[in-house]
Amino acid sequence: VHLVESGGGLVQTGGSLRLSCVVSGFTYSIDRYGWYRQAPGHQRELVARITRDASATYADSAEGRFTISKDNDRKTVTVVLQMKDLRPEDTAVYYCYADTALIDGTYVDYWGQGTQVTVSS
């Protein structure tokens, strides 16, 4: 499974950005897709997640401002994180991820390379 992100950049407070992640490979095995972020000096945290059946959940900090969606193509899945009303505290490297549930209840994770989002005040 291969993940490639795009769409990061520099935006002013209150602005919007759209992050995109193209997932290829054995996408039929993927149960969940999502976005994590990691700011300097902080742990990586989940921002939003969407399941195979398009059920979405959000971190409290993202609720109402971010929207996750996915679009299935024949060979790829594109996962989009639409972000609005951005704040300086949203500044971080954003990582796309996907995971597959194993029979023992654990998950195998796949990660993109990350894309920088910087929100200026």
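Glu45 is partly exposed, with a relative accessible area of 37%. Its side chain meets that of Arg37 in a salt bridge, 2.7 Å from N to O. The model is predicted. The chain has 11 strands and zero helices.

**Overall build**

- From the N terminus on, the elements run β-β-β-β-β-β-β-β-β-β-β.
- The chain has 121 residues and a radius of gyration of 14 Å. A compact globule with 121 residues would come out near 14 Å, so the chain agrees with that expectation.
- Along the principal axes, the C-alpha atoms fill a box of roughly 45 × 30 × 25 Å.
- Of the 121 residues, 37% count as buried.

**Salt bridges**

- A search of the whole structure finds six salt bridges. Among them is the pair Asp99 and Arg32, at 2.8 Å from N to O.
- Asp99 lies in strand E9 (residues 92–101) and Arg32 in strand E4 (residues 32–38), so this pair ties together parts that are 67 residues apart in sequence.
- Both Asp99 and Arg32 are buried.
- Asp85 and Arg87 also meet through their side chains in a salt bridge, with 3.9 Å from N to O.
- Arg37, Glu45, Arg65 and Asp90 belong to one network, joined by salt bridges that share partners.
- Back at the Asp85 pair, both partners are partly exposed: Asp85 has a relative accessible area of 37%, and Arg87 has 32%.

**Aromatic pairs**

- The count of aromatic pairs comes to five.
- One of them joins Tyr36 and Trp111 edge-to-face, with 5.1 Å centre to centre and 65° between the planes. The planes count as edge-to-face because their angle is over 60 degrees.
- This pair links distant parts of the chain. Tyr36 is in strand E4 and Trp111 is in strand E10 (residues 107–111), 75 residues apart.
- Tyr36 is buried, at a relative accessible area of 18%. This value falls under the 20% cut-off, so Tyr36 is classed as buried.
- Trp111 is partly exposed, at 33%.
- Tyr36 and Trp111 also belong to a cluster with Tyr95 and Tyr97, linked by ring pairs.

**Charges over rings**

- Arg32, the salt-bridge partner of Asp99, also has its charged end over the ring of Tyr107, 3.8 Å from the ring centre.
- Arg44 lies over the face of Trp111, at 4.7 Å from the ring centre.

**Surface patch at the N terminus**

- Val1, Phe26 and Tyr28 form a nonpolar patch on the surface. Together they have about 340 Å² of accessible area.
- Val1 lies in the segment before strand E1 (2–6).
- Val1 is partly exposed, with a relative accessible area of 31%.

**Loops and backbone**

- Ala54 has a positive phi, near 75°, in a residue other than glycine. Ala54 is placed in the loop between strand E5 (45–51) and strand E6 (56–58).
- At 48% relative accessibility, Ala54 counts as partly exposed. Exposed means over 50%, so Ala54 stays in the partly exposed class.
- Asp85 also has a positive phi, near 50°, and is a residue other than glycine. Asp85 is found in the loop between strand E8 (76–83) and E9.
- Gly105 lies in the loop between E9 and E10. At 53% relative accessibility, Gly105 counts as exposed.
- Gly105 and Ser20 are 85 residues apart in sequence. From C-alpha to C-alpha, Gly105 and Ser20 are 28 Å apart in space.

How values were computed
Residues numbered from 1 in each chain as written. Predicted model: local features only at pLDDT ≥ 70, side-chain atom pairs only at ≥ 80, totals over all residues. Heavy atoms only, no water. Patch = residues over 30% accessible without salt bridge, like charges linked within 9 Å, V, L, I, M, F, W, Y side chains within 5 Å. Areas by Shrake-Rupley, 256 points an atom, 1.4 Å probe, with all protein chains shown as cover. Salt bridge = Lys/Arg side-chain N within 4 Å of Asp/Glu carboxyl O. Helix = DSSP H or I, 4+ residues; strand = E, 2+ residues; numbered from the N terminus. Buried < 20%, exposed > 50% of the residue type's maximum accessible area, 1.4 Å probe, protein only. Phe/Tyr/Trp six-rings, centres within 6.5 Å; stacked < 30°, edge-to-face > 60°. Lys NZ or Arg CZ within 6 Å of the ring centre and 35° of its normal. Rg over C-alpha atoms; globule rule 2.2 N^0.38 Å.
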